[in-house]
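Here is a short briefing to read with the structure open beside you. Take the topics in any order you like.

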Amino acid sequence: MNIIDLLTSEQLNKTKLIKITKDYILFNEDEKCDSIGIIEEGKVEISTYLSNGEKIIYNSLNKGEMFGANLVFSSEPFYRGNVISTIDSSIRIISKNDLKKILMENENFLEKFLEMQSNFTKSLNFKIKLLSMDSAKDRIIYLLENSKNEE
């Protein structure tokens with residue numbers, strides 16, 4: 001279930017639906033994050049460029065996923081990369097103030113929001129552990145063991 005489906009019509013009216021084309025930069029690196037985005041249709045990536053021109057993709061997001069949720073309540077709420085559509089996309093934007101109101105009045109939305117945040121943290125911890133391993137053998141064993149848990 002898409003988290004947007006949990007909003008009442010009144011809460012949905014507090015959001016803004018924007019339609020963007022492929023390669024549109026929705027937010028720039030170092031720009032202040034004062035809202036979250038939920039992808040209703042399309043794909044978005046968060047990426048940056050190194051001084052040598054090499055592109056680093058931090059995250060690729062699909063329908064139903066959100067961005068900005070880790071930043072909007074942070075003490076340093078600035079994007080670490082550009083938020084760019086990789087195909088034509090529809091994004092639902094919720095301002096920080098409206099998000100706080102929605103989280104306080106809609107328990108189902110709150111639970112789904114926290115579930116998505118928890119799953120993101122779990123995925124990030126998985127990647128950190130994988131990258132922390134010294135040998136390829138240990139990485140492969142770890143991946144195989146954890147692929148069984150996903151089934």
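Phe27, Phe67 and Tyr79 come together as one aromatic cluster in this predicted model. Ring pairing here asks for Phe, Tyr or Trp rings (the six-membered ring for Trp) with centres within 6.5 Å, and calls planes under 30 degrees apart stacked, over 60 edge-to-face and the rest tilted. Residues are numbered from 1 along each chain as its sequence is written, and side-chain values use heavy atoms, with hydrogens and water left out. Because the model is predicted, local features need pLDDT of at least 70 and side-chain atom pairs count only at pLDDT 80 or more, while totals for chains, interfaces and linings use all residues.

**Aromatic cluster**
- The structure contains 2 aromatic pairs.
- Tyrosine 79 belongs to the loop between strand 6 and strand 7 (82–85), so its pairing with phenylalanine 27 in strand 2 joins parts 52 residues apart in sequence.
- Phenylalanine 27 is buried at 11% relative accessible area, phenylalanine 67 is buried at 2%, and tyrosine 79 is buried at 3% (buried means under 20% relative accessible area, exposed over 50%, partly exposed in between, with a 1.4 Å probe and protein chains only).

**Overall fold**
- The chain has 4 helices and 8 strands (DSSP runs numbered from the N terminus: H or I of at least four residues for helices, E of at least two for strands).
- Along the sequence, the pattern reads α-β-β-β-β-β-β-β-β-α-α-α.
- Of the 151 residues in the chain, 39% are buried.
- The C-alpha atoms fill a box of roughly 55 × 40 × 30 Å along the principal axes.

**Largest pocket**
- The largest pocket holds about 820 Å³ of space (a pocket is an open set of points on a 1 Å grid over the protein atoms alone, where a 1.4 Å probe fits, with protein on both sides within 12 Å along at least five of seven lines; lining residues have an atom within 4 Å of a point).
- Its lining has 24 residues, and those closest to the centre are Asn59, Leu61, Met66, Asn70 and Phe120.
- Helix 3 contributes the most to this lining, with 9 residues.
- Phenylalanine 120 lies in helix 3 (residues 107–132) and is partly exposed, at 32% relative accessibility.

**Salt bridges**
- There are 7 salt bridges in the whole structure (a side-chain nitrogen of Lys or Arg within 4 Å of a carboxyl oxygen of Asp or Glu).
- Glutamate 41 and lysine 63 form one of them, at 3.1 Å from N to O.
- That pair links strand 3 (residues 35–41) with the loop between strand 5 and strand 6, 22 residues apart.
- Glutamate 45 bridges to lysine 55, with the closest N and O atoms 2.6 Å apart.
- Here strand 4 (residues 44–49) is linked to strand 5, 10 residues apart.
- Glutamate 45 is buried at 8% relative accessibility, whereas lysine 55 is partly exposed at 37%.
- Glutamate 115 and lysine 112 pair at 3.6 Å, N to O, and both lie in helix 3, 3 residues apart, about one turn of the helix.

Technical notes
Points joined across faces, edges and corners; volume = space filled by probe spheres on them.
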